[in-house]
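Open the model in your viewer and keep the selection panel at hand. The stops below go from one selection to the next.

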Amino acid sequence: MSDLTLAFPTLAGLEEVLADELTDLGLTDVEIGRRVVTGTGDLALVYRANLELRTALRVLINIDAFRVDREQELYDRLRATNWRQYLMPEGSLYISVVDPGAWFRNTHYIAQLAKDAIVDQFRDKYQTRPSVDKGNPDLSIHLRISGDGNVDLSVDTSGDGLHRRGYRRRTGEAPINEVLAAGMLRIAGYSGEQPLVDPMCGSGTILAEATMIATNRPPGMNRAFGFQRWPDFDEAQWDSIRKAASDRIQTAQHPILGADIDDSAIAIARDTLERAGVLATVELRTSPFAELQPLPVDETVSGLLITNPPYEMRMQTGDIVAFYTAIGDTLKQQWAGYTAWLISANAQAVKRVGLRTSRKVPLMNGPVEARFCKYELYLGTRQQKSSATD
Ligand SMILES: C[S@@+](CC[C@H](N)C(=O)[O-])C[C@H]1O[C@@H](n2cnc3c(N)ncnc32)[C@H](O)[C@@H]1O
């Protein structure tokens, strides 16, 4: 399988950083769409993409694109597609349909028709048929139909979404999506070359993703993928890709610190980091942000603070606006020499941070629209100010 047409769905706002990751991985004809990046690559790239990409949700192979005018044509085309390379006759499948047009009867009907076409092919050839399994199918098929009858037929190589890194067992309150955390780190330019702090780390998602970046550890090292269940799975190639990636794992060059006011959040973070295989790289402290001692930085290496503060009263912070004002004060007074990035969906509260925002990136945190805001806390500025007042 060379020259495969590939699609990589992602979260809104992460398309550019995903395209960078994919270019580094060797994808060609890279194009950025809405919540997706597409391009061309081979099977080795599909394996590596699943294992190594930090900001993609899935890896899809587009196996056919065609136009149909009648439902029967869809059935015929799917029945004529060779499914045996992706699915054993006694395997299981699931078909998801995106059909925004009113051209076909309904989404459920199309899924049924597509399933019949595939199942009929197997029954004809092998006298047995795959079953349907929504929860854990051997093969997941994506059918996207546009209003004018253009059909995109893809197979999902990932199985579980790629945000499932295999390290999360327990979560704290409002955990952030792993792919979003990795995307935020990438947007902030984090590559392990500077000290990193998440002072409100909750269950430790940002820390786990940062540590995997700093140690060059692939996020998919602890999990299985859909393509491993395909009949044509190339185990030898997969083993050598995994071994090469594992050989590239290195020790972190700069410290990583996580803190939270809540002891039980720190316990969950410890568990998360242990399961991710990176606990030894991270220091964890139970501390309110106002009392947290920053990791040392100087003129040669600045620090990075990335955090996802509470943005609702629900999280028992009392007055949320006063809380953000206090975050701003702490940043000003104690975190000079750092670049700070906060993600928050509470626009009113963020205004009260009271620092100049040098960048603002719109991102979706689950269904919630959020802003990822950057603040520069120059070391020089404070020194200049204090020398000016001396
Ligand atoms: C939205 S959660 C962070 C979720 C985290 N990103 C994750 O993926 O699990 C916010 C965290 O801030 C913590 N927090 C609230 N007030 C704090 C304070 N003053 N100092 C430090 N942490 C605080 C809460 O205990 C909570 O764990």
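Contact, as used on this tour, means heavy atoms within 4.5 Å. The model is predicted: local features need pLDDT of at least 70, side-chain atom pairs count only at pLDDT 80 or more, and totals for chains, interfaces and linings use all residues. Residues are numbered from 1 along each chain as its sequence is written, and side-chain values use heavy atoms, with hydrogens and water left out.

**Asn 346.** Select Asn 346, in the loop between strand S13 (338–344) and helix H10 (347–351); helices (H or I, at least four residues) and strands (E, at least two) are DSSP runs numbered from the N terminus. Leaving aside neighbours within four places in sequence, Asn 346 is in contact with Tyr 311 and Ile 320. Its relative accessibility is 16%, so Asn 346 counts as buried (under 20% relative accessible area; exposed is over 50%, partly exposed in between; 1.4 Å probe, protein chains only). The side chain of Asn 346 reaches the backbone nitrogen of Ala 349 at 3.0 Å.

**Val 361.** Move to strand S14 (residues 359–365), which holds Val 361. Val 361 is buried, at 10% relative accessible area. Not counting residues up to four places away in sequence, Val 361 touches Ile 187, Trp 341, Ala 370, Arg 371 and Phe 372. Show Cys 373 as well: 12 residues separate it from Val 361 in sequence, and the C-alpha to C-alpha distance is 6.5 Å.

- ligand oxygen to a side-chain N or O atom of Ser 203, 2.6 Å
- ligand nitrogen to a side-chain N or O atom of Asn 308, 3.0 Å
- ligand nitrogen to a polar backbone atom of Ile 261, 3.2 Å

Taken alone the ligand exposes 610 Å², of which the protein buries 92% (Shrake-Rupley method, 1.4 Å probe).

**The cores.** Of its 53 residues, Phe 8, Leu 74, Trp 83, Ile 141 and Leu 143 touch the most other members. Helix H4 (residues 107–126) gives the largest share, 7 residues. Another core, of 39 residues, lies apart from it and includes Val 179, Ile 213, Ala 269 and Val 278.

Key:
Polar contact = N/O pair within 3.5 Å; in protein donor to acceptor, adjacent residues only side chain to side chain. Core = buried A, V, L, I, M, F, W, Y, C linked by side-chain atoms within 4.5 Å.
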